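Here are some notes for a first look at this model. Keep the viewer open while you read.

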Amino acid sequence: MRAASRALEIAQLAVFAGLGLSALRHWRRRHDAPAAWIAATFGILGLIVLVAQFLPERPSGTFEETLVKLLVAVLVLFPYCLFRFVETLVRISRPTRIAADAMTVVLVAITLVLPEIPSAGEPRGAGFEAYILFLAAQWTFLSAVVAVRLWRAGAGQPTIARRRMRTLAAGAIGLASLIVVGAAAPAGTEPDARRIVTQIVGLLSAPLFLLGFSPPGIVLAVWRRREERALREAEVGLMKAESPAEVTAALLPRITALVGARAAAMYDREGRVVGAHGVAIEEAEDLGRRTRDRSEGIGADRVLLTHLEAGRLAVVTSQVSPYFGEEELEMMRALGAFADLALARARLIERERHSVEAMRDFVAIASHDLRTPVTILKGLSSTMLTHWERLTPEQVKDFVRKADRHADHLSRLVEELLLVSKLEAGVLEPNPRPVDIRALVDVVLGAIEGGSRVSVTIPEGLEVVADADHLQRIVTNLVTNAFRYGGEPVALEVRDSDGFLTLAVSDRGAGVPKDFEPHLFEKFARADPKTSRSTEGTGLGLSIVRGLAVASGGRAWYEPNRPTGAVFGVRIPARPEGAGTG
Amino acid sequence: MSESNGKVHVLVIVEDEPDMRMLIRMNIEADPRIVIDGEASTAEEAIDLAARVHPGLIVLDHQLDGAMMGIEAAPHLKRVSPVSKILLFTAFDLEKAARAEPAIDEFLPKSRMPELLGTAERLLGLEPL
């Protein structure tokens with residue numbers, strides 16, 4: 001019996017001392033409140049078990065007796081530290097906290113002022129018995145609170161977090177029952193069956209604490225099986241996704257389940273919400289604004305941020321996730337990286353689908369717009385041939401004039417269609433060279449009917465580095481549109497500021513109808529469907545303006561003019577890097 | 001079909017292209033027996049006109065200004081003027097759609113403009129000149 005007891009004592013020492021060291025290492029790594037309290041908890045336990053080995057069975061002398069009291073006082077702190085650890089993770093009511101504090105403070109005080117602590121086998125007075133009962137009550141109360149809170153908080157958590165929390169709860173109950181049994185039946189000098197049992201219970205509690213606090217890899221692997229399966233399913237779902245919406249639909253619900261989170265949202269590089277789960281879009285947008293400039297990791301608001309190539313992933317974790325869900329958070333990061341790939345693929349698919357649809361629409365509209373002038377040309381020629389004898393010279397001239405006009409229109413249309421195709425295929429590279437803006441504008445306005453009436457504002461001697469042909473085309477299209485669809489007076493203003501050339505053409509016509517604004521720069525878009533397709537314009541002017549501006553690294557824009565009319569403009573780099581200078 | 005002084009009436013419906021309207025008129029007017037009794041550029045205008053005039057033949061383009069296209073307008077034209085024959089005259093390959101529309105009596109692509117007069121005479125029951 002003595003040998004068995006001694007063996008159990010040594011085993012207990014090894015396990016608890018190991019737990020204590022592990023807890024201290026954990027705190028050195030994390031440096032947060034939960035880590036500090038758990039380090040205190042197991043540090044205390046390890047210290048007690050270690051120091052107890054060197055204490056004589058019957059302490060004598062002031063020093064040894066004081067040491068025993070200190071050891072018991074520290075023992076009182078064990079459940080209290082565990083309680084404080086749990087308090088950092090789950091909400092505990094104020095009355096409970098006050099009771100815990102009060103009991104512990106009183107117990108520590110009593111321990112330190114006790115006249116003596118009887119050794120094993122020595123008789124105990126009523127006062128000491130009362131003290132022991134109070135100690136047992138404190139342990140039981142605090143351990144019960146810890147166990148219940150941890151057990152309940154484990155519900156709804158992923159497997160690993162749930163099992164860790166519940167094994168910790170079981171460990172707390174185990175140690176508490178150890179104290180209660182020890183208090184209820186004080187042991188004799190010789191190790192008896194009760195002492196062996198309490199030592200076994202104590203020993204069994206240690207692995208439970210170990211599993212709850214720092215489970216070994218093999219245990220984690222077994223516990224993680226369900227989450228691993230969910231992870232594989234998420235990966236399959238991600239690889240099947242063909243749009244950003246499908247990616248977030250496959251990813252976000254699984255991530256929230258994986259880490260036991262409340263909600264998750266994904267953002268693109270501009271900070272726009274790509275998808276959200278567990279929150280309304282408005283809340284997701286607010287979350288995005290709050291985390292916009294944050295670095296990766298978990299913030300004070302328990303939002304875990306992961307930066308992706310495609311943007312950001314924000315997960316609103318539970319209070320326990322950062323501590324008990326570390327493995328899941330790592331899995332989540334891996335899944336986030338996978339989501340990056342899936343998003344890139346989905347965007348490519350979406351872009352391709354959009355290109356095919358756009359091409360289909362483009363072909364449908366282009367074929368119609370091309371057919372009209374071709375049909376008229378054919379009609380003019382066949383009518384002339386069929387009715388030549390009855391046509392007067394004036395009619396013949398009229399026919400030829402019409403044919404010439406339609407041929408011009410057709411030629412313009414074909415040329416612009418080819419230009420648009422090149423812009424969309426990305427094969428039209430600008431050729432930037434030094435350009436005298438005033439000279440370019442003068443040439444363009446000289447070739448446009450009404451160009452001399454355009455009011456021009458250009459800084460003296462303004463020279464930029466840009467593709468002259470593209471700029472000429474932009475100015476031509478904007479000014480022509482202003483006369484054709486807007487109204488006089490037409491003004492052209494050019495500015496060079498912040499490294500950008502801004503060119504704006506304004507008119508004082510009726511302006512652009514509000515519902516047409518989103519379609520302004522689309523191919524073949526016309527605000528007034530009655531506008532003749534064959535002679536007024538090709539419907540490609542603004543599409544070309546935008547395409548050329550974008551090809552030069554800039555953009556095109558529209559805004560209403562005040563009090564009436566429209567302003568169309570482009571903003572392009574005035575001196576692009578690496579451009580030729582002559 | 002309506003007659004006046006031995007002539008028959010034709011309604012010409014076209015899209016927004018005035019030059020195409022001129023060509024159709026010029027081809028049809030080669031037969032002095034046929035009178036152009038009105039022109040419209042939208043289906044709505046054509047339905048009004050047909051209800052008033054009851055022409056013998058309506059030359060109907062498909063691509064029209066407004067919300068209603070030619071093929072959609074055909075049954076409405078037939079309803080307001082059952083005596084009118086309808087010839088779908090368009091640049092698009094809509095022969096199948098035209099044949100599926102009972103209100104349309106004949107289809108002719110614009111690329112075959114020299115056949116317009118002969119087709120119109122046939123639909124109006126006139127012998128070629």
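1. At what angle do the axes of helix α3 and α5 of chain A cross? This is a predicted model, and in it the crossing is roughly 20 degrees. The two axes come within 9 Å. Helix α3(A) covers residues 61-87, and α5(A) covers 126-154. Angles under 35 degrees count as roughly parallel, so α3(A) is roughly parallel to α5(A). The crossing is left-handed.

2. Now look at who makes that contact. From α3(A) come A:V72, A:L75, A:V76, A:F78, A:P79, A:Y80, A:L82, A:F83 and A:V86. From α5(A) come A:Y131, A:L135, A:Q138, A:W139, A:L142, A:S143, A:V145, A:V146, A:R149 and A:L150. By class, these residues divide into 16 nonpolar, 2 polar and 1 charged.

3. Stay in this part of chain A and find A:I117. Where does A:I117 lie? It sits in the loop between α4 (94-113) and α5 (126-154). A:I117 touches A:V68, A:K69, A:V72 and A:F128, with residues up to four places away in sequence left out of the list. Take A:V68: it is 49 residues from A:I117 in sequence. In space the two are 7.7 Å apart, C-alpha to C-alpha.

4. Which peptide bonds are cis? One runs from A:E488 to A:P489, with omega near 5 degrees. A:P489 is in the loop between α16 (468-485) and β9 (491-497). Another cis bond runs from A:R562 to A:P563, with omega near 0 degrees. A:P563 is in the loop between β11 (555-560) and β12 (566-573).

5. A:D498 is placed in the loop between β9 and β10 (500-506) of chain A.

6. Turn to chain B. Helix α2 (residues 43-53) and helix α3 (residues 70-80) have axes that come within 8 Å. They cross at roughly 15 degrees, which means α2(B) is roughly parallel to α3(B). This crossing is right-handed, whereas that of α3(A) and α5(A) is left-handed.

7. What meets what between these two helices of chain B? On α2(B) the residues are B:A43, B:A46, B:I47, B:A50 and B:A51. On α3(B) they are B:A73, B:H76, B:L77 and B:V80. The contact divides into 8 nonpolar, 1 polar and no charged residues.

8. Finally, the interface. How many residues of each chain are in contact? Chain A gives 25 and chain B gives 19. The area buried between the chains is about 1,800 Å². Carbon and sulfur atoms give 60% of that area. In chain A, A:R371, A:T375 and A:R390 lose the most area to chain B. Together they make up 23% of what that side buries.

9. Look for charge pairs across the same interface. The rule finds 2 salt bridges between chain A and chain B. In one salt bridge, the side chains of A:K402 and B:D19 meet at 3.6 Å, N to O.

Technical notes: Residues numbered from 1 in each chain as written. Chains lettered and ligands numbered in written order. Predicted model: local features only at pLDDT ≥ 70, side-chain atom pairs only at ≥ 80, totals over all residues. Heavy atoms only, no water. Axes fitted to C-alpha atoms, helices over the stretch in contact; angles between N-to-C directions. Helix = DSSP H or I, 4+ residues; strand = E, 2+ residues; numbered from the N terminus. Parallel < 35°, antiparallel > 145°, perpendicular 65-115°, else oblique. Left-handed = near helix turned anticlockwise from the far one by under 90°. Contact = heavy atoms within 4.5 Å. Nonpolar A, V, L, I, M, F, W, Y, C, P; charged D, E, K, R; others polar. Buried area = accessible area lost by both parts, 1.4 Å probe. Salt bridge = Lys/Arg side-chain N within 4 Å of Asp/Glu carboxyl O.
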